[in-house]
Amino acid sequence: MPIQWFPGHMHATRKAIAERMPEIDVVIELLDARLPGSSANPLLAELTRGKPALKVLNKQDLADPQQTASWLAHYQAQAGTRALALDASDTAPARRLIAACRELAPLRGGMAKPMRVLICGIPNVGKSTLVNTLRGGKRAAKTGDEAGITKTEQRIVLADDFYLFDTPGMLWPRIAIEPSGYLLAASGAVGRNAYDDEEVALALLTQMLRHHADRLRDRYKLGDLAGLSDEAVLADIGRKRAPLLSGGLPHMQKAAEIAIHDFRSGAWGPVTLETLQEFTQWQAQAKLLDAEREARRAARSNTKNQVPPRGQGGDDGAGKG
Ligand code: G4P
């Protein structure tokens with residue numbers, strides 16, 4: 001089952017972004033550098049279509065630098081788009097962000113035409129941390145509670161002619177790409193009650209076995225992982241790190257919690273869970289599944305429409321004497 005999570009406050013955020021959009025010059029989207037494709041919000045893409053975009057691959061300290069470079073190149077190659085990688089160790093990120101936005105909207109600037117930038121991202125991507133750092137800068141001042149600024153957003157003055165509108169973290173109503181749902185849950189973007197730890201840990205281990213098996217082996221002192229399934233590795237983590245259940249069985253729930261925690265905290269070292277090629281395949285598969293689902297739905301509704309009203313006979317009399 002794809003993970004679904006779109007509580008009421010995210011509806012409010014969607015509305016606030018849609019209303020603000022006409023006067024926005026550049027949209028900064030924070031992506032999780034460990035899952036750059038999965039953390040890109042398709043709803044936001046819809047709401048901000050046509051606007052110059054700055055993609056920030058955040059938490060780069062937790063991601064594989066080579067993969068980060070490939071994803072940055074992918075975004076840089078898109079029209080009207082710039083990309084840069086960041087993490088919380090950068091104590092003065094404003095200069096790079098402002099410079100990239102000015103490149104994207106060179107006609108904005110000066111008191112008469114201040115630059116208006118919207119910053120958004122999925123929950124837990126590190127947006128509050130970044131915005132707090134930006135606000136801590138000498139020239140930054142929060143000027144919320146102003147006319148025209150809704151409760152769901154804050155306006156931050158990054159320079160005299162540079163306004164940043166901050167929005168709460170937002171997901172999208174249906175996460176159609178199943179692996180993305182699991183990776184988003186692993187990253188902490190999805191509410192705790194919307195997923196099953198074991199399923200999420202298995203999806204996480206599948207990707208780790210594909211891309212960073214050595215990190216798992218080193219972290220949990222496992223033997224050769226070649227040919228092992230995600231389930232077998234999760235069981236091994238349980239045996240190594242959690243008390244056994246009665247009958248000597250590994251505690252899969254505990255093992256799952258440990259795997260998710262270690263991923264979130266960076267205990268595996270810098271890892272990226274998806275390549276561009278892989279994510280593109282997931283997208284194509286999800287599209288295909290959606291088309292099949294839609295075709296089945298259409299066929300069902302056709303069949304329903306073809307059932308004649310009661311009493312008017314449903315068949316052509318064949319077989320009757
Ligand atoms: P959000 O507003 O997008 O929801 O995210 P927030 O800034 O609250 O950050 C979510 C978690 O990610 C926090 O950890 C934060 O410390 C961590 N974080 C933010 N930026 C970076 C980064 O660049 N690198 C790394 N490694 N971590 C980052 P937490 O454990 O939930 O809370 P805390 O106790 O660390 O504050």
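# A first look at the model

Colleague: Buried or exposed: which is Cys120, and what is its relative accessible area?

Modeller: Cys120 falls in the buried class, where buried means under 20% relative accessible area, exposed over 50% and partly exposed in between (1.4 Å probe, protein chains only). You are looking at a predicted model, in which local features need pLDDT of at least 70, side-chain atom pairs count only at pLDDT 80 or more, and totals for chains, interfaces and linings use all residues. Residues are numbered from 1 along each chain as its sequence is written, and side-chain values use heavy atoms, with hydrogens and water left out. For Cys120 the relative accessible area is 3%.

Colleague: Thanks! Why does Cys101 count as buried?

Modeller: The buried class takes residues under 20%. Cys101 counts as buried because its relative accessibility is 0%.

Colleague: How many disulfides does the count come to?

Modeller: A disulfide is a covalent bond between the sulfur atoms of two cysteines. The rule used here asks for a pair of cysteine sulfur atoms within 2.5 Å. By that rule, the number of disulfides is zero.

Colleague: Let me step back to the whole chain. What percentage of its residues are buried?

Modeller: The chain has 11 helices and seven strands, taken as DSSP runs (helices H or I, at least four residues; strands E, at least two) and numbered from the N terminus. Among the 321 residues, the buried share is 44%.

Colleague: Of the contacts with a separation of 6 or more, what share do residues 24 or more positions apart account for?

Modeller: Contact here means heavy atoms within 4.5 Å. Of the contacts in the chain with a separation of 6 or more, residues 24 or more positions apart supply 71%.

Colleague: Now the ligand, please. Which residues around it come nearest?

Modeller: A residue is near a molecule if one of its heavy atoms lies within 4 Å of it. The shell has five nonpolar, four polar and four charged residues; Ala, Val, Leu, Ile, Met, Phe, Trp, Tyr, Cys and Pro count as nonpolar, Asp, Glu, Lys and Arg as charged, and the others, Gly among them, as polar. Of these 13 residues, the ones that come nearest are Ala88, Asn124, Lys127, Ser128 and Thr129.

Colleague: Where is Ser38, and which residue's side chain does a polar contact join to that of Ser38?

Modeller: Ser38 sits in the loop between β1 (26-32) and α2 (42-47), and counts as buried because its relative accessibility is 1%. Beyond neighbours within four places in sequence, Ser38 is in contact with residues including Trp172, Leu183 and Phe279. A polar contact is a pair of N or O atoms within 3.5 Å; within protein, one must be able to donate a hydrogen and the other to accept it, and residues adjacent in sequence count only if both atoms are side-chain atoms. Here a polar contact of 2.7 Å joins the side chain of Ser38 to that of Ser180.

Colleague: What distance separates the C-alpha atoms of Pro114 and Asp161?

Modeller: Pro114 lies in the loop between α4 (94-104) and β4 (115-121), and is buried at 13% relative accessible area. Apart from neighbours within four places, Pro114 is in contact with Asp25, Arg108, Asp161 and Tyr163. Pro114 and Asp161 are 47 residues apart along the chain, yet their C-alpha atoms are separated by 4.2 Å.
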